[in-house]
Amino acid sequence: MRAARGEDIAESEIAAVREWWHVDGFGVVQLVMPAVEHYGHRGELARALDIAEDAVDDLERTWGRFHAIVRLTALVAGQVAGNAPQLDAALLRRATADLETMTARVDAIVGEPQRGVLEPTTSAIEDTNTETWAWDRRLRAELLRVRWLTGQGTPPPVGDMVAAWHESVDAFERYGHPYETARSRARFAAVLRASGDVAGARREADLAREVATRLGAGPLLRELDALESAPATATDDPYALTPREQEVLELVARGLSNGQVGAQLFISTKTASVHVSRILAKLGASSRTEAAALARERGLVP
C-alpha cells in the first residue's frame with residue numbers, strides 16, 4: 001500500500017532488501033516492487049530498471065521460475081509507459097531490451113512458448129492462479145501501451161488496446177484487488193478516450209477515482225488528474241493551441257512522422273498533416289524542426 005500512497009522508501013531499506021531477497025523471495029513483493037514504483041513515479045526510470053534487473057536475476061538463480069517476476073515485469077512496463085514522454089533514445093532502447101528479456105521469462109512462467117512479447121498466453125494459469133493471471137493480463141496491456149506512447153514500431157490497433165485493458169480490469173476484479181482494478185480502469189479510460197468513447201472513459205475514470213480517493217492513492221489520483229485535465233488555451237494568446245494540436249505538437253517534437261502521429265492518435269495521416277500545418281502557422285515556424293525548437297523555447301513541450 002505504500003507504493004499506492006506514494007510514501008518514500010529509504011535508501012537503507014533498499015540496501016537491506018538487496019541482502020534479504022536471496023534468502024526470501026517474498027522480499028521482492030514487500031520492497032523491491034514498491035521501490036520500482038517509487039523511482040518510476042519520480043522519473044528515475046534507470047534506477048527502477050537497475051533494481052528490477054537485480055531482483056529478477058537473483059530470484060531466478062535462487063528460486064527458479066518465481067511467479068513474482070510476472071508482477072514485477074508488469075510494474076516495470078507500466079513505469080516505462082508512464083515515463084515515455086521523458087525518455088531519451090538510449091534509455092528507451094535499454095527499457096525496450098529489458099522488457100523483452102523479462103517478458104520472455106514471464107512467458108516461461110505462465111507456460112507459453114516464447115512467440116514474441118505481445119502474444120497472448122495460454123489459459124492454464126487463468127484457472128490455477130488468479131493473481132499471476134491478473135498480472136499477466138496487465139503486462140500484455142502495458143506492452144501495448146508502451147508501443148502506443150513511445151511510437152515504436154507499428155502502433156497497436158485501438159481495438160486490441162481496448163480489449164487488453166478490459167481484460168486487465170476483469171482479471172483484477174476476479175482476483176479481488178481493488179487498487180490494481182482501479183489502476184487498470186484509469187489506463188482503460190485513457191485508451192477509451194483516445195478511441196473516441198468519451199462516455200466510457202468518464203465511467204472508468206470515475207470508478208477508479210472513487211477507489212483511489214478511498215485508499216488515499218496519491219500516484220493514481222495524479223494519473224487521473226492528468227488524464228482528465230486539458231491544456232489551457234487563452235483566446236488572447238497568439239500561440240494558443242487546441243488540446244488536439246497540443247497532443248500533435250508533443251509527438252512532432254519527439255520526431256514522429258505524420259503517419260506515426262495519426263496512428264498514435266487514431267486519426268488519418270491527412271488529418272494529422274492538417275494539424276501540423278496549423279501548428280506551424282500558429283508558432284510562425286517554417287518546418288517541423290523549427291516548430292519543435294520554438295515549442296521547447298516557449299515551454300509548450302518538455
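Start by selecting Val36, Leu45, Leu72, Val76, Val80 and Leu99, the residues with the most contacts inside the largest nonpolar core, which has 40 residues. A nonpolar core here is a set of buried Ala, Val, Leu, Ile, Met, Phe, Trp, Tyr and Cys residues joined through side-chain atoms within 4.5 Å. Buried stands for under 20% relative accessible area, exposed for over 50%, and partly exposed for anything in between (1.4 Å probe, protein chains only).

Before you click on, note that this is a predicted model: local features need pLDDT of at least 70 and side-chain atom pairs count only at pLDDT 80 or more, while totals for chains, interfaces and linings use all residues. Residues are numbered from 1 along each chain as its sequence is written, and side-chain values use heavy atoms, with hydrogens and water left out.

Now colour helix 3 (26-41), helix 4 (45-63), helix 5 (68-82), helix 6 (89-109), helix 8 (130-150) and helix 9 (158-175): each of them supplies at least two residues of the 40-residue core. Helix 5 gives the largest share, ten residues. Helices (H or I, at least four residues) and strands (E, at least two) are DSSP runs, numbered from the N terminus.

Zoom in on Val76. Setting aside neighbours within four places in sequence, Val76 is in contact (heavy atoms within 4.5 Å) with Val36, Leu49, Ala52, Leu99 and Met102. Next, pick Trp165, Phe188, Val191 and Leu192, which are among the 24 residues of a second, separate core.

**Arg187**

Stay in this part of the tour and select Arg187 in helix 10 (residues 178-195). Is Arg187 buried or exposed? With a relative accessible area of 6%, Arg187 is buried. Show side chains, and you will find a polar contact from Arg187 to the side chain of Glu142 (2.5 Å). Such a contact is a pair of N or O atoms within 3.5 Å; within protein, one must be able to donate a hydrogen and the other to accept it, and residues adjacent in sequence count only if both atoms are side-chain atoms. Beyond residues up to four places away in sequence, Arg187 touches Gly78, Arg138, Glu142, Arg145, Trp165 and Glu223.

**Rings to look at**

The structure holds two aromatic pairs. For one of them, select Trp135 and Phe172: the ring centres are 5.0 Å apart and the planes are at 85°, so the pair is edge-to-face. Rings of Phe, Tyr and Trp (its six-membered ring) pair if their centres lie within 6.5 Å; planes under 30 degrees apart count as stacked, over 60 as edge-to-face and the rest as tilted. Trp135 sits in helix 8 and Phe172 in helix 9, so the pair ties together parts that are 37 residues apart in sequence. Both Trp135 and Phe172 are buried.

Move to Phe266, in the loop between helix 14 (258-265) and helix 15 (269-283). Phe266 is not a glycine, yet has a positive phi of about 60°. Most residues other than glycine have a negative phi. Phe266 is partly exposed, at 25% relative accessible area. In helix 15, find Val274, also partly exposed at 36%.

**Zooming out**

Finally, show the whole protein chain, with its 16 helices and zero strands. Of its 302 residues, 47% count as buried.
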